[in-house]
Amino acid sequence: MTGTPADALAAAEVLLHIQTTYAPEPRLPDFGFGGTQSGGEGAVQRFLGYAQGVVVVLGVIGVLYSAGKMAAGRLGRSEVAAEGVGGLVWTVMGVSLMLVAIPIATALTGAG
């Protein structure tokens, strides 16, 4: 799928004419989850949203830690690599369980 130079110039022209506006109040980006910047959400829903973000960050840290142990195990310490694989399984299962618990808590509290 090749484009002509005229197509590229037209696309560049569209990009150069994008209007931007400055908003003086700092806001988190709205990721399309139902107007998260509306300000009308309850404290429980906001807390669960932050909790979900923390769970994802902790999961990434856990996966990186397990990957580091597996990489160290490649240097001749096979028991460390085995611990890394086991840690990876526990990390994935723990993050999955926590991410499933958040919609359940949302449904039980009526925050959604």
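1. Setting aside residues up to four places away in sequence, Thr91 touches Gly59, Gly62, Val63 and Ser66, where contact means heavy atoms within 4.5 Å. Thr91 belongs to helix H3, and with a relative accessible area of 17% it is buried; here buried means under 20% relative accessible area, exposed over 50% and partly exposed in between, with a 1.4 Å probe and protein chains only.

2. On the basis of the values: this is a predicted model, in which local features need pLDDT of at least 70 and side-chain atom pairs count only at pLDDT 80 or more, whereas totals for chains, interfaces and linings use all residues. Residues are numbered from 1 along each chain as its sequence is written, and side-chain values use heavy atoms, with hydrogens and water left out.

3. The chain holds three helices and zero strands, giving the pattern α-α-α along the sequence; helices (H or I, at least four residues) and strands (E, at least two) are DSSP runs numbered from the N terminus. Of its 112 residues, 12% count as buried. The accessible surface comes to about 9,000 Å², of which 70% belongs to carbon and sulfur atoms, and such areas come from the Shrake-Rupley method with a 1.4 Å probe, with only the protein chains shown counting as cover for residues. Among contacts between residues at least 6 apart in sequence, 46% join residues at least 24 apart.

4. H2, with 31 residues, reaches 45 Å from its first C-alpha to its last, close to the 45 Å expected.

5. The buried positions of H3 are Val80, Ala81, Gly84, Thr91, Val95, Ile102 and Thr106, and these residues pack against helix H2 (43–73). In H2 the buried residues are Leu48, Val55, Gly59, Gly62, Ser66 and Gly73, and what covers them includes H3.

6. Ser66, in helix H2, counts as buried at 2% relative accessibility. Leaving aside neighbours within four places in sequence, Ser66 is in contact with Gly84, Gly87, Leu88 and Thr91. A polar atom of the Ser66 side chain also lies 3.2 Å from the backbone nitrogen of Leu88; a polar contact is a pair of N or O atoms within 3.5 Å, where within protein one must be able to donate a hydrogen and the other to accept it, and residues adjacent in sequence count only if both atoms are side-chain atoms.

7. Val95, another residue of helix H3, is buried with a relative accessible area of 18%. Apart from neighbours within four places in sequence, Val95 is in contact with Val55 and Gly59, and its C-alpha atom is separated by 8.1 Å from that of Leu58, 37 residues away along the chain.

8. The structure holds one salt bridge, the term being used for a side-chain nitrogen of Lys or Arg within 4 Å of a carboxyl oxygen of Asp or Glu. The partners are Glu83 and Lys69, whose closest N and O atoms are 2.9 Å apart. Because Glu83 lies in helix H3 and Lys69 in helix H2, the pair ties together parts that are 14 residues apart in sequence. Glu83, at 46% relative accessibility, counts as partly exposed.

9. Gly110 counts as exposed at 60% relative accessibility, and its C-alpha atom is separated by 9.0 Å from that of Gln45, 65 residues apart along the chain.

Conventions. Expected span 1.5 Å × (residues − 1).
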